[in-house]
Amino acid sequence: MSRSISLFRAFLVEQSDPDRFYSELAVDSVRQLGSYVDLDGARVLDVGGGPGYFGNEFDKAGATYHGIDPAVGDFAAAGAEVRGMVRGSGTALPIRTGAVDVCYSSNVLEHVPTPEAMLDEMVRVTRPGGTIFVSYTPWLSPHGGHETGPWHLLLGGAGARRRYLRRNGREPKNRIGETLFAISAARSMRWARAARRAGDVTVVDVLPRYHPRGMCWVARVPLLREVLTWNFTVVLRRTGPAE
């Protein structure tokens, strides 16, 4: 419970103190991933990793870190750490098939118009026996609209965007249909079941990423998981042959 409270407090300052939020999130995320796979010596690909925070923590865990982000140039121009990162799209990863031990993505899938394409790519670049860890914010969660939430639940994406513009005098960073898309937990689970039937993956775990372990059952209940998980997480093991 103390972990969840600490993460929630950090989340409250995401906009005003992003260094604190993303630093704490990176520490917690690498620790959480480490409960599923030994990171010491692992080759890790972070899809949409952002500037530096996750890379530093993966390095501390002994992993060889590689990050992919379409905004790497912007990060570098702003003076942010981009060591080990290259520019690229999550739906067309510039990585050879079966090249990494772990493919990781935090809070990116809701920003991709074709999430299945990104999930397919994450599986492709992971070696057989490797781990895929992906987490994202379902649209129907309180934070589904990101900075426009929870008004997106009452006004819809477009209405919440207009409200934000009126109150702040500027457009939100996360704009529905442009930089933010209404993904559901059910959609990723449909993809996971299809990938499992095809012999490509096994599902290791599903969980609400920031919740106490005693609340993990929420992620397995349809409809309820859309609202209460806050951040829906799927952990997979690559089972198919490298192509």
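## Starting with a covered helix

A residue is called buried when its relative accessible area is under 20%, and exposed when that figure is over 50%. With that in hand, take a look at helix H5, which covers residues 115-125 in this predicted model. Eight of the eleven residues of H5 are buried, so the helix is mostly covered. The buried ones are Pro115, Met118, Leu119, Glu121, Met122, Val123, Arg124 and Val125.

What sits over those buried residues? The cover includes several strands: E1 (43-47), E4, E5, E6 (201-208) and E7 (232-238). Helix H7 (185-197) is part of the cover too.

## The sheet

Seven strands make up an open sheet, and the order across it is E3-E2-E1-E4-E5-E7-E6. The pairing in this sheet is mixed. At the edges you'll find E3 (85-86) and E6, each of which pairs on one side only. As background, strands of a sheet pair through backbone hydrogen bonds, and they can do that either parallel or antiparallel.

Now zoom in on one pair. E4 (residues 100-106) and E5 run parallel, and six bridges join them. Two spots show how the strands line up: Cys103 stands opposite Ile132 in E5, and Ser106 has Ser135 of E5 as its bridge partner.

## Strand E5 and its residue Thr126

E5 spans residues 126-136. How much of E5 is buried? Eight of its eleven residues are, so the strand is largely enclosed by the rest of the structure.

Thr126 is one of the residues in E5. Its relative accessibility is 0%, so Thr126 counts as buried. Leaving aside neighbours within four places in sequence, Thr126 is in contact with Gly98, Val100, Asp101, Cys103, Thr131, Ile132 and Arg238. Notice that Cys103 and Ile132, the two residues that stand opposite each other, are both among those contacts.

## Cysteines without a disulfide

A disulfide is a covalent bond between the sulfur atoms of two cysteines. How many does this structure hold? The count is zero.

Cys103 has 0% relative accessibility, so Cys103 counts as buried. Cys216 has a relative accessible area of 13%, and because that is under 20%, Cys216 is buried as well.

## Salt bridges

A search of the whole structure turns up eleven salt bridges. One of them joins the side chains of Asp28 and Arg31, at 3.9 Å from N to O. Both residues lie in helix H2 (residues 18-33), three residues apart, which is about one turn of the helix. Are the two partners buried or exposed? Asp28 is buried, with a relative accessible area of 5%, while Arg31 is exposed at 57%.

Glu57 counts as buried at 14% relative accessibility, and Lys60 counts as exposed at 65%.

Then there is Arg213, which forms a salt bridge with Asp205; their closest N and O atoms are 3.9 Å apart. Arg213 is exposed, at 57% relative accessibility, whereas Asp205 is buried, at 11%. Elsewhere, salt bridges link Arg161, Glu171, Arg175 and Glu178 into a network.

Which residues make up the nonpolar surface patch? They are Leu140, Trp151, Leu153, Leu154, Leu155, Met215, Trp217, Leu224, Val227 and Leu228, and together they make a patch of about 900 Å².

Helix H6 (151-168) and helix H8 (224-228) each supply at least two residues of the patch. H6 gives the most, with four residues.

Conventions: Residues numbered from 1 in each chain as written. Predicted model: local features only at pLDDT ≥ 70, side-chain atom pairs only at ≥ 80, totals over all residues. Heavy atoms only, no water. Buried < 20%, exposed > 50% of the residue type's maximum accessible area, 1.4 Å probe, protein only. Contact = heavy atoms within 4.5 Å. Patch = residues over 30% accessible without salt bridge, like charges linked within 9 Å, V, L, I, M, F, W, Y side chains within 5 Å. Areas by Shrake-Rupley, 256 points an atom, 1.4 Å probe, with all protein chains shown as cover. Salt bridge = Lys/Arg side-chain N within 4 Å of Asp/Glu carboxyl O. Disulfide = S-S within 2.5 Å. Pairing = 2+ DSSP bridges.
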